[in-house]
Amino acid sequence: MIHQMKTSSADAPSIEPSAIPTLTFEDLDLHPSILDAIRDAGYTTPTPIQRDAIPLARNGRDIMGLAQTGTGKTAAFTLPIIDRLIGGPRRTRALILTPTRELCVQVEESFKKYARHADIAVVAVYGGVPVDPQEKMLRSGVDVVVATPGRLIDHLDRQNVVFDDLEVLVLDEADRMLDMGFAPQINKIVDQIPVYRQTLLFSATMPPEVEALARKYLRKPIVVQVGVRSAAASTVTHAVYPVPREKKNALLVELLTGKKHESVLIFSRTKHGADRIVRDLEQAGVSATAMHADKSQSQRTRALQDFKDGTTSVLVATDIAQRGLDISGITHVINYDVPQQAEDYVHRIGRTGRAAKEGDAYTFMSPDEIGMVRTIERMIGQPIPRISVPGFDFGTVAAD
Ligand code: AMP
């Protein structure tokens, strides 16, 4: 049985979020060194998920956090974990499981950022890179392991790490992990973790599989939900560009040349498509990089780094970049292809409009994709405005 409380429950003691006086991080009673790190990061106010989840986590409660990226969910679990670990013995007391390498590195970076004034050792453990350095780190003793499931199992099999002292387990982006087929690995890992632990599960969506996972691993969890389920971040401006498939590249070049764009993340359905987009943009004088599964880990890391520090302003990615990437200040997300799953639309545009920044999300829709756009509109509960570009529009597509 899952206890639904807090922000959006009908039967919770009814305090509307807006009626709650503004909390500061100081009110959350976190360790002074964490408050210093938060100040360094420039944050002044906890986000809603932080305001709700941090006190519960500090009280040892299991939490089911329904929140997409961009809500501040990473700090919502990272801060209370650091608070718990500070001053303790150097044993592996917290494990965070993440679906992708990119998210894994990002969560590790968050721990390092928020624990920069504390003595907490964190390691990120993910595939596609040599095992040895990770093995060394694990064997030297760490407080926090952030891992993708497959590589963590390799390390468990080699007995590089034991979880006898584990106190907190986080399943981050649980829906995504299940989508990627990680259920057996998660089971195997959790089997090696003490039953008396705190478990925090975060998921952008709550399909029955995630509920089943929560029933299995969480004890009397409190649901903390931010915003309306599946609602797109409100600071994002959406638009759909009706365009025949064969004119998509030309439209992209038209939109991206001649104007200054801080950072544009483009999603392509296929690797070939991503490479072709990069080629066409480069030909038109727009510097762009592709990031997909055919690229080596070092190429992917490099592409991401170049994008983050502004060396390239356009990153063209397949699904690997879809969730969890923390790239602040993205000004545009462009869906070159309409996402196949309506929920993916919400995840993708979660890349922009983060932490109160404005962002635009454009979707190129060819005639065969009209049905998919309508499904997305039903899911987000609002029509998406159409923008016609003369010479590119195919004409016939008013929103329902
Ligand atoms: P997340 O949803 O965890 O991926 O975080 C989204 C972005 O918001 C990240 O770039 C964080 O650094 C940033 N962030 C997290 N908490 C806050 C806060 N309280 N105030 C301002 N920015 C924040």
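This is a short chat about the predicted model shown above.

Me: What does the secondary structure of the protein chain come to?
Reply: The chain has 14 helices and 14 strands. Keep in mind that the model is predicted.

Me: How much of the chain is buried?
Reply: Of the 400 residues, 55% are buried.

Me: And the contacts, what share join residues at least 24 apart?
Reply: That share is 75%, counted among contacts between residues at least 6 apart in sequence.

Me: OK, cores. How many residues has the largest nonpolar core, and which have the most contacts inside it?
Reply: The largest nonpolar core has 41 residues. Those with the most contacts inside it are Leu30, Leu79, Ile81, Ile96, Phe111 and Val144.

Me: Which element gives the largest share of this core?
Reply: Helix 3 does, with 7 residues.

Me: What is Ile96 in contact with, leaving aside its neighbours within four places in sequence?
Reply: Ile96 touches Phe77, Ile81, Val107, Phe111, Val144, Val145, Val146, Ala147, Val170 and Asp172. Another core, of 35 residues, lies apart from the largest one. Its members include Leu138, Val142, Val190 and Met206.

Me: Back to helix 3. How does helix 2 cross it, at what angle?
Reply: The axes of helix 2 (residues 48–58) and helix 3 (residues 73–85) cross at roughly 30° and come within 9 Å. Angles under 35 degrees count as roughly parallel, so helix 2 is roughly parallel to helix 3.

Me: Is that crossing left-handed or right-handed?
Reply: Helix 2 and helix 3 cross in the right-handed sense.

Me: Which residues make the contact?
Reply: From helix 2 they are Ile49, Gln50, Ala53, Ile54, Ala57 and Arg58. Helix 3 brings Lys73, Ala75, Ala76, Leu79, Pro80 and Asp83. By class, the contact has 8 nonpolar, 1 polar and 3 charged residues.

Me: New topic, helix 10. How many of its residues are buried?
Reply: In helix 10 (residues 248–256), 7 of the 9 residues are buried, and the helix is mostly covered.

Me: Which ones are buried?
Reply: Lys248, Asn249, Leu251, Leu252, Val253, Leu255 and Leu256 of helix 10 are buried.

Me: Last one, Ser296. Where is its place?
Reply: Ser296 is in the loop between strand 11 (288–291) and helix 12 (297–308).

Me: Why does Ser296 count as partly exposed?
Reply: Its relative accessible area is 32%. Buried means under 20% and exposed means over 50%, so a residue in between is partly exposed.

Me: How far apart are Ser296 and Gly128 in space?
Reply: Ser296 and Gly128 are 7.9 Å apart, C-alpha to C-alpha, and 168 residues apart in sequence.

Conventions. Residues are numbered from 1 along each chain as its sequence is written. This is a predicted model: local features need pLDDT of at least 70, side-chain atom pairs count only at pLDDT 80 or more; totals for chains, interfaces and linings use all residues. Side-chain values use heavy atoms; hydrogens and water are left out. Axes are lines fitted to C-alpha atoms, for helices over the stretch in contact, and angles run from 0 to 180 degrees between N-to-C directions. Helices (H or I, at least four residues) and strands (E, at least two) are DSSP runs, numbered from the N terminus. Angles under 35 degrees count as roughly parallel, over 145 as roughly antiparallel, 65 to 115 as roughly perpendicular and the rest as oblique. A crossing is left-handed if the near helix is turned anticlockwise from the far one by less than a right angle, and right-handed if clockwise. Contact means heavy atoms within 4.5 Å. Ala, Val, Leu, Ile, Met, Phe, Trp, Tyr, Cys and Pro count as nonpolar, Asp, Glu, Lys and Arg as charged, and the others, Gly among them, as polar. A nonpolar core is a set of buried Ala, Val, Leu, Ile, Met, Phe, Trp, Tyr and Cys residues joined through side-chain atoms within 4.5 Å. Buried means under 20% relative accessible area, exposed over 50%, partly exposed in between (1.4 Å probe, protein chains only).
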